[in-house]
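Open the structure in your viewer and keep a selection panel at hand. The stops below go from one selection to the next.

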Amino acid sequence: MVKKILAFTIMMVLGSASYAGAACTVEEAQAKAQAFQQAARNAAQKAPQKYQEAMAAMQNELPELQKANNLDALCKFYDDWAEKLK
């Protein structure tokens, strides 16, 4: 499951590389994605229910964020879920 997170996160960050005018930069999105990944790994071991919720959100919300081409929303998603997983 963690491999799915990593693969999907990489896809999202690479897919959003063209949004130079956004307040959240690609580099910030990458850093936030890494923080989210770490929080997800920890939650998978310590809080499986939270982990399941995060995975459902990734499957439901992240594709919409990708379609919207909005780095700010992507950064907010990662920030919110990293916080929820702590």
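Select Cys-24 and Cys-75 first: in this predicted model they form a disulfide, with the sulfur atoms 1.6 Å apart. The structure holds 1 disulfide. Cys-24 sits in the loop between helix H1 (2-15) and helix H2 (26-46), and Cys-75 sits in helix H5, so the bond ties together parts that are 51 residues apart in sequence.

Now zoom out to the whole chain and colour by secondary structure. The protein chain has 5 helices and 0 strands, and its elements run α-α-α-α-α from the N terminus on. Of the 86 residues in the protein chain, 36% are buried.

Next, select H5 (residues 71-85) together with helix H3 (residues 48-60). How are these two helices oriented to each other? Their packing angle is about 165 degrees, with the axes 10 Å apart. An angle over 145 degrees counts as roughly antiparallel, and H3 and H5 are therefore roughly antiparallel to each other. The crossing of H3 and H5 is right-handed.

Show side chains for this pair. On the H3 side, pick Lys-50, Tyr-51, Glu-53, Ala-54, Ala-57 and Met-58; they meet Phe-77, Trp-81, Lys-84 and Leu-85 in H5. The residues of this contact divide into 7 nonpolar, no polar and 3 charged.

The axes of H2 and H3 cross at roughly 135 degrees and come within 6 Å. That angle makes H2 oblique to H3. To see the contact, select Phe-36, Ala-40, Ala-43, Ala-44 and Lys-46 in H2, which meet Pro-48, Tyr-51, Ala-54, Met-55 and Met-58 in H3. The contact of H2 with H3 divides into 9 nonpolar residues, no polar and 1 charged. Tyr-51, Ala-54 and Met-58 are among the H3 residues that meet H2, and they are also among those that meet H5.

Stay in H2 and centre on Ala-43. Is this residue buried or exposed? At 2% relative accessibility, Ala-43 counts as buried. For a distance label, draw a line from Ala-43 to Ala-82: the two are 39 residues apart in sequence and 9.8 Å apart in space, C-alpha to C-alpha.

The last stop is a backbone angle. Select Asn-69, in the loop between helix H4 (62-68) and H5. What is the phi of Asn-69? It is near 55 degrees, a positive value in a residue other than glycine. Most residues other than glycine have a negative phi. With the surface on again, Asn-69 shows a relative accessible area of 42%, and it is therefore partly exposed.

Note on methods
Residues numbered from 1 in each chain as written. Predicted model: local features only at pLDDT ≥ 70, side-chain atom pairs only at ≥ 80, totals over all residues. Heavy atoms only, no water. Axes fitted to C-alpha atoms, helices over the stretch in contact; angles between N-to-C directions. Helix = DSSP H or I, 4+ residues; strand = E, 2+ residues; numbered from the N terminus. Parallel < 35°, antiparallel > 145°, perpendicular 65-115°, else oblique. Left-handed = near helix turned anticlockwise from the far one by under 90°. Contact = heavy atoms within 4.5 Å. Nonpolar A, V, L, I, M, F, W, Y, C, P; charged D, E, K, R; others polar. Disulfide = S-S within 2.5 Å. Buried < 20%, exposed > 50% of the residue type's maximum accessible area, 1.4 Å probe, protein only.
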